[in-house]
Amino acid sequence: MDKIENYLHASERKTPYTVMMSLIVVVLIGWSFTTIQLQNVEKSGWTIASSILSGIVQPDLGLLFTFTKQGVPYLFVETIAIAFLGTILGALLAIPLSFLSASNVVPKPVAWLTRLFLIFIRTVPALVYGLMFIRVTGPGPFAGVLTISLVSIGMLAKLFVDAIEDLDTKILESMTSIGCTTFEKIRFGIVPQLVSFFLSITIYRFDMNLREAAILGLVGAGGIGAPLIFAMNSYRWNEVGSILIGLVLLILVVELISNRWRQQLVRG
Amino acid sequence: MYDKLFPPKKLVLPNGKTIAERRSRFPLAVILFLAALYVSLQFTGFDPQTIVKRWQQFFVIIQAMIPPNWSYTPAIIKPLLDTLKMSLLGSILGSLTAIPVAFLASSNILKSKLVHGLAKVFLTILRTMPTLVTALVATFIFGLGTLAGTVAIYAFTLAYVGKLLYEQIENTDMKAFEAMESLGMNRLQAFRYAIFPQILPNYLSTALFCFEGNVRYAAILGYVGAGGIGLLLNEGLGWRDYASVGMILLILVLTVFIIEQISEHFRKRFI
């Protein structure tokens, strides 16, 4: 028992550090509480909350099953199409950028500059890009596609870089030693290592883009967002309910499928 | 099905055995992919000519943002701090609530299928709601302002951290837990002393990562009236005052960059 206790006392004491950190966190929490303003909360909040709930429980089933251009199914297909095309475009654009920011491919300053550029792209909110692209294409799903592709570049390139920096260079060395050409080295040494990772990352991003595409309607860039906002602003909670149910189901199904594909890809 | 249409290739090994090699799925995948591509192109009205003809329009706004309106900075600071406070409070409260919810959702601690099934469904539905939609609903219930934004961030953090946490709990080493139970501790105590220390570093790292993302999300919540810097962004875009928008974006990028660096530093220490 003494031995164990000795070891316990011998271990490094970090009390001052822990106390400091806890103090900082507590101060931050207290500071952030100052942002809560309760005076804006009105009594009508409860009635609205209950009407939202009843709207979700009794959705407008007619809207869910109309197959015209205003119906929920059409808008969902449009949303999926926006996310799909946007992801592909984004992935195509992200591949060169990711090679440019991998520190084992290009010199350090170039990699650093590209990374800074990527952070900038990543931080600008999607809605701002949406408004910029609407100038190019006019309102509609096309603007949504371009927005989604630009928004995805940041994250895709960041994850691609991780895969590239983990490349096993021993394979390339052995290929050089048996006399392979550069093209053969890329085709049989690099591509097989990266393809499954890149595909898996891209599918994951498609999953996220579906959610992004669903809100782009806010600025008029197509998809399910616009009818959702209109329904909310005119307090038609039954319609809101049917759209939300459809959205949750859609995202769930896509997530299930994409998870299965990604597992298969990673297992090979 | 696929194997019946395209029968597997028969190979005879040197020792006389025959084995069947299944045909590659690659052509099918390519055909499906091209079909999906074609349908999407039709649905979205994708038109490369428009891009070629009008791509300069994209840079019109960017040119208007440069140089940014430096004198606008003092007006940005308070909404920016509001955004930070919103995301901080939402993230902290959300990650704290995630612990009990993840406890209820992990199937190796609670044996009742009903409880952990319900908790999982709850987390999934919460997670699939886009943050902006949650914020919009919250503004109807809690009024315009930072409270609605905090609620939206809280909901997202709860769902995200909760999901990752219960997956970690389900993957932990259960031997210590069982030993503590056999000593006569109840499940809560055993969880506290056997599981919690195992998941703590990962939990803190996930929570920090979520906070990082939340700062970025919180920036747009103002667009639907949920407080913070998004309100200014919306205003600037609405009045086409792009120099001010440029200033807001510049400060936002700087803030997010600093927060990412800090959080990365701590996340490396935790793991």
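## Thr15 of chain A

Thr15(A) has 7 C-beta neighbours inside 10 Å, so this residue counts as exposed. The cut-offs are as follows: a residue is buried if 20 or more other C-beta atoms lie within 10 Å of its own, exposed if 12 or fewer, and partly exposed in between, with C-beta atoms placed from the backbone. Thr15(A) lies in helix α2 (residues 15–33) of chain A. Phe160(A) is 145 residues away from Thr15(A) in sequence and 40 Å away in space, C-alpha to C-alpha.

## Model and confidence

This is a predicted model, in which local features need pLDDT of at least 70 and side-chain atom pairs count only at pLDDT 80 or more, while totals for chains, interfaces and linings use all residues. Residues are numbered from 1 along each chain as its sequence is written, and chains are lettered from A and ligands numbered from 1 in the order in which they are written.

The complex receives an ipTM of 0.78 and a pTM of 0.82 from the predictor. Chain B has a mean pLDDT of 85, with 98% of its residues at 70 or more. Here pLDDT is the predictor's confidence in each residue, from 0 to 100.

## Chain A overall

Chain A has 12 helices and 0 strands. Helices (H or I, at least four residues) and strands (E, at least two) are DSSP runs, numbered from the N terminus. The radius of gyration of chain A is 25 Å, well over the 18 Å that the globule rule gives for 268 residues, so chain A is more spread out than a compact globule. That radius is taken over C-alpha atoms, and the rule is 2.2 Å times the number of residues to the power 0.38. The C-alpha trace spans about 70 × 65 × 40 Å along its principal axes. Of the 268 residues, 35% count as buried.

Chain A is divided into domain 1 (2–27) and domain 2 (61–267). Their centres, taken over C-alpha atoms, are 44 Å apart. Domain bounds come from an automatic or database domain assignment.

## Helix α7 of chain A

Helix α7 (residues 126–137) of chain A has 12 residues, which should span 16 Å at 1.5 Å a residue; its end C-alpha atoms are 16 Å apart, in agreement. The expected span is 1.5 Å times one less than the number of residues. Gly138(A) follows α7(A) and has a positive phi, near 80 degrees.

α7(A) is mostly covered, with 10 of its 12 residues buried. Among them are Leu127(A), Tyr129(A), Met132(A) and Phe133(A). The cover includes α8 (141–165) and α10 (182–216) of chain A. It also includes α3 (48–54), α4 (56–65), α10 (187–221) and α11 (229–238) of chain B.

## Chain B

Chain B has 12 helices and 2 strands. The radius of gyration of chain B is 26 Å, well over the 18 Å that the globule rule gives for 271 residues, so chain B is more spread out than a compact globule. Its C-alpha atoms fill a box of roughly 80 × 65 × 35 Å along the principal axes. Of the 271 residues, 39% count as buried. The domain assignment gives domain 1 (2–46) and domain 2 (69–270), with 42 Å between their centres over C-alpha atoms.

Strands β1 (residues 9–12) and β2 (residues 18–21) of chain B run antiparallel, joined by 4 bridges. Two strands pair if DSSP finds at least two bridges between them. Lys9(B) has Glu21(B) in β2(B) as its bridge partner. β1(B) and β2(B) form a hairpin with 5 residues between them. In the turn, Gly16(B) has a positive phi of about 95 degrees.

How values were computed: Two residues are in contact if their C-beta atoms, placed from the backbone, lie within 7 Å.
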